[in-house]
Amino acid sequence: MTLPKPGTYYFPWEVSAGQVPDGDALRTFGRLSVYDMTESRATLTAQHGSEQHQVLVCTKLVEPFPAQLGSLYLVLGELEQQKGGPVVKARVLTCVEGLHLPLLERAVEEQRLYRRERGGRP
C-alpha cells in the first residue's frame, strides 16, 4: 500500500480557475460559507483582490465534523473535475481560525520560489 501524496499548496483562486490538474493532491483554504450535510458538500470562499472565489469540497471522508460557518478551514485532498466544476475530495478538513492568511500566502510563495530555484515543481 502506498501513502497518498502530501498535497501541493494552491490558492483558492487557482483552484476555482482550473489551474490544478485533475487528480492532483492539493492543500487549499477558505472560509466555510456553506455546508450541506445531506449532500456531503461544503463551499469554502476566499477573497483575492476585488473578487471572491469558491472551492467546492466533498466531505464524505471527513464526516462528521463540527462545521463552523464563517470560520477559516484548511483542506487536504484530491481534485476531481465534475459537471459543476472542480471539487476537492477532502481527506482532511481542519478549522484553522486565527491563522494569519497573509503569512500563509507569503509562505506558499516562498516555497514555490524555492522549488523553482531547485528545478522542481512549483
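Me: How many bridges join E3 to strand E4, and in which sense do they run?
Reply: This is a predicted model. In it, 8 bridges join E3 to E4, residues 51-58, and the strands run antiparallel.

Me: Which residue in E4 is the bridge partner of alanine 42?
Reply: Valine 57.

Me: And what sits between E3 and E4?
Reply: A turn. The two strands form a hairpin with 2 residues between them. Glycine 49 in that turn has a positive phi of about 65°.

Me: Other side now. How many bridges pair E2 with E3?
Reply: 5 bridges, antiparallel. E2 covers residues 25-36 and E3 covers residues 41-48.

Me: Which residue in E3 is the partner of valine 34?
Reply: Threonine 43 is the bridge partner there.

Me: How many residues are between E2 and E3 in the hairpin?
Reply: 4 residues. Serine 40 is in the turn, with a positive phi of about 55°.

Me: Switching to cysteines. How many disulfides does the structure hold?
Reply: 0.

Me: Is cysteine 58 buried or exposed?
Reply: Buried, at 12% relative accessibility.

Me: And what does cysteine 95 count as?
Reply: Partly exposed, at 31% relative accessibility. The closest cysteine sulfur to cysteine 95 is in cysteine 58.

Terms used: Residues numbered from 1 in each chain as written. Predicted model: local features only at pLDDT ≥ 70, side-chain atom pairs only at ≥ 80, totals over all residues. Heavy atoms only, no water. Pairing = 2+ DSSP bridges. Disulfide = S-S within 2.5 Å. Buried < 20%, exposed > 50% of the residue type's maximum accessible area, 1.4 Å probe, protein only.
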